[in-house]
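Trainee: Could you take me through a structure, feature by feature? I would like to learn how to read each one.

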Amino acid sequence: MKRSVILVVDDEAVIRDGIQRVLEGDRFEVETCMSGHNAIECLQKNDYGLVITDLKMPGMNGIEVLKAVKALQPDIPVILITGYGSIDTAVEAMKNGAADYVSKPFSPDLLLEKVHNALSHSMPPDETCLKKEVSLHHGFHQFIGESKEMQKVYHRITHVAATNSTVLITGESGTGKELAARAIHENSPRKEKPFVAVDCSSLAETLLESELFGHVKGSFTGAVQTKTGLFKVADGGTLFLDEVSNISLSTQAKLLRTLQERKITPIGGTQPIPIDIHLVAATNKNLRTMANEGTFREDLFFRLNIIPIELPPLRDRKHDIPILIRHFLKQFTAQIGKEIRGVAPDVLSFLDNYSYPGNVRELENMIERAVVLAEGDVIRNEDLELWDSKDTSSTSMIDHIPLNAEELKEMKRHIRDHAMESLESGFVRNALERNNWNVTRAAEETGILRPNFQSMMKKLGISARGEH
């Protein structure tokens with residue numbers, strides 16, 4: 001039987017290499033990382049049988065690595081290495097789920113004894129229990145879906161909620177990033193404390209900094225009274241930073257310092273204020289790419305990306321579409337007071353094969369519109385106000401969203417009037433998402449005058465914050 005791979009994390013090469021030689025001498029397969037951030041990246045990609053991590057490391061210490069392991073792969077035992085050997089350190093490590101600890105200097109025999117003990121007491125996860133844990137009536141909290149993609153999300157939420165590790169939720173617009181953040185809060189020991197959500201894309205830089213950290217009276221023009229920042233408002237609870245990619249570099253620096261020190265200093269203030277929050281951030285952008293381009297701080301990305309949760313687009317979990325249709329149908333028929341039995345077979349086929357650029361939010365809007373417009377007890381094509389699902393030429397054209405005004409004009413010549421709104425909606429939304437919901441940049445990129453682009457947004461009911 002192949003022995004489990006052991007991950008060794010230490011910033012000192014001599015210690016790291018020494019542990020590797022000892023373990024490989026006992027026929028273990030070993031991988032090494034020189035930092036906690038590197039270890040998190042490895043844990044996101046690979047499975048391990050054991051993690052051995054140093055306690056004192058720059059950037060991310062061993063306790064933080066331990067907490068991340070317990071959220072990412074909770075069944076992996078962790079051994080902490082400390083140069084201090086204090087009782088306090090050992091107690092903290094064991095409270096956070098460490099299997100054992102060893103103090104420097106240590107002998108090869110002692111290390112191997114600790115490793116064998118940790119591996120012998122580790123148990124493989126019970127898949128049956130796991131399925132029972134996360135499969136709750138076709139969903140989880142306000143999420144709807146039982147696909148394997150969503151089961152992974154539910155599982156990750158359940159485990160990270162029990163920790164204070166920073167979470168980064170990624171996914172396209174409309175996939176439910178705030179729902180995930182609220183689910184984390186509601187499953188955490190902090191659930192009786194505040195859940196505070198901040199839309200980082202809706203505030204100017206100076207206003208965002210004041211909202212987050214607060215300010216003292218007279219610190220700037222208009223500061224007529226002292227304001228408590230949202231970090232302090234969320235004290236004891238969860239702070240959710242939505243669209244964190246929109247934060248300016250200067251505010252990013254202050255956010256990084258806050259996460260490192262767990263203290264805030266209001267604008268114009270001199271005394272740091274301690275805070276106790278669980279930070280959850282979200283974005284529909286690739287922060288790693290932004291960090292490489294210099295538009296997002298790399299050190300802040302590593303601080304935020306301790307526990308990643310990626311929400312799948314609806315097109316990648318089509319098994320959930322019938323469940324979502326039934327849920328929204330039940331919801332809107334009750335709200336509107338109509339008796340609708342279901343959807344016609346050709347409508348169901350169309351909905352099952354549609355690409356959903358707006359994800360679950362778009363499907364929800366489609367079902368609500370169909371319920372309002374339906375004249376019979378079954379949803380039919382005309383109730384969707386899209387296009388005839390048998391018109392394959394229109395359907396294939398819609399699957400490709402135009403990137404500029406000329407392409408949009410050409411595509412309009414080949415589709416039916418029923419498809420026009422969906423085409424324009426996909427065009428506008430995609431342009432806004434590519435440009436971080438900046439209307440001016442989206443208009444310039446597509447070659448449309450800004451007033452005309454705004455008119456299209458108004459006609460389609462799309463705001464600068466992506467709401468429909």
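**Reading the fold**

Mentor: The protein has 22 helices and 18 strands. Keep in mind that this is a predicted model.

Trainee: What share of the residues in the protein is buried?

Mentor: Buried residues make up 49% of the 468 residues. As for contacts with a separation of 6 or more, 68% of them link residues 24 or more positions apart.

Trainee: Let us take the open sheet. In what order do its five strands come?

Mentor: Start with the general idea. Strands of a sheet pair through backbone hydrogen bonds, and the pairing is either parallel or antiparallel. In this case the order is β9-β12-β15-β8-β16, with parallel pairing. The edge strands are β9 (195–199) and β16 (307–310), each of which pairs on one side only. From one strand to the next, the twist averages 20°.

Trainee: Which helix packs on the sheet?

Mentor: Helix α7 (residues 148–160) does, touching β8 (167–170), β15 (278–283) and β16. The direction of α7 makes about 150° with that of β16.

Trainee: How many bridges join β9 to β12?

Mentor: Five bridges join β9 to strand β12 (residues 238–242), and the two run parallel. Phe195 has Thr238 in β12 as its bridge partner, and Val196 stands opposite Leu239.

Trainee: Where does β15 pair next, and over how many bridges does β8 join it?

Mentor: Four bridges join β8 to β15, again running parallel. The bridge partner of Leu168 in β15 is Ala281.

Trainee: Why is β12 described as largely enclosed?

Mentor: Count its buried residues, taking buried as under 20% relative accessible area. Five of the five residues of β12 are buried, so the strand is largely enclosed by the rest of the structure. Then check the two faces. Thr238, Phe240 and Asp242 lie on one side and Leu239 and Leu241 on the other, and all are buried.

Trainee: Which residues of β15 point which way?

Mentor: His278, Val280 and Ala282 point one way, while Leu279, Ala281 and Thr283 point the other way. All of these are buried, and β15 is mostly covered, with six of its six residues buried.

Trainee: Turning to the nonpolar cores, how many residues does the largest one have?

Mentor: The largest nonpolar core has 47 residues, and those with the most contacts inside it are Leu7, Leu43, Ile157, Ile169, Ile184 and Ile309. Helix α3 (residues 62–72) gives the most to this core, with seven residues. Apart from it lies another core, of 28 residues, among them Ile247, Leu259, Ala281 and Met290.

Trainee: What is Ile169 in contact with, beyond its neighbours within four places in sequence?

Mentor: Its contacts include Lys177, Ala180, Ala181, Ile184, Val280, Ala282, Ile309 and Leu311.

Trainee: Now a helix. How far does α14 reach from its first C-alpha to its last?

Mentor: An α-helix has 3.6 residues a turn, so residues three or four places apart point the same way. Helix α14 (residues 321–336) has 16 residues and reaches 22 Å, close to the 22 Å expected at 1.5 Å a residue. Its buried residues are Ile321, Ile323, Leu324, Ile325, Phe328, Leu329, Phe332 and Thr333. Among the elements covering them are β17 (342–343), α15 (345–353) and α16 (359–373). Just after α14, Gly337 takes a positive phi of about 85°.

Note on methods. Residues numbered from 1 in each chain as written. Predicted model: local features only at pLDDT ≥ 70, side-chain atom pairs only at ≥ 80, totals over all residues. Heavy atoms only, no water. Expected span 1.5 Å × (residues − 1). Buried < 20%, exposed > 50% of the residue type's maximum accessible area, 1.4 Å probe, protein only. Contact = heavy atoms within 4.5 Å. Core = buried A, V, L, I, M, F, W, Y, C linked by side-chain atoms within 4.5 Å. Pairing = 2+ DSSP bridges. Axes fitted to C-alpha atoms, helices over the stretch in contact; angles between N-to-C directions.
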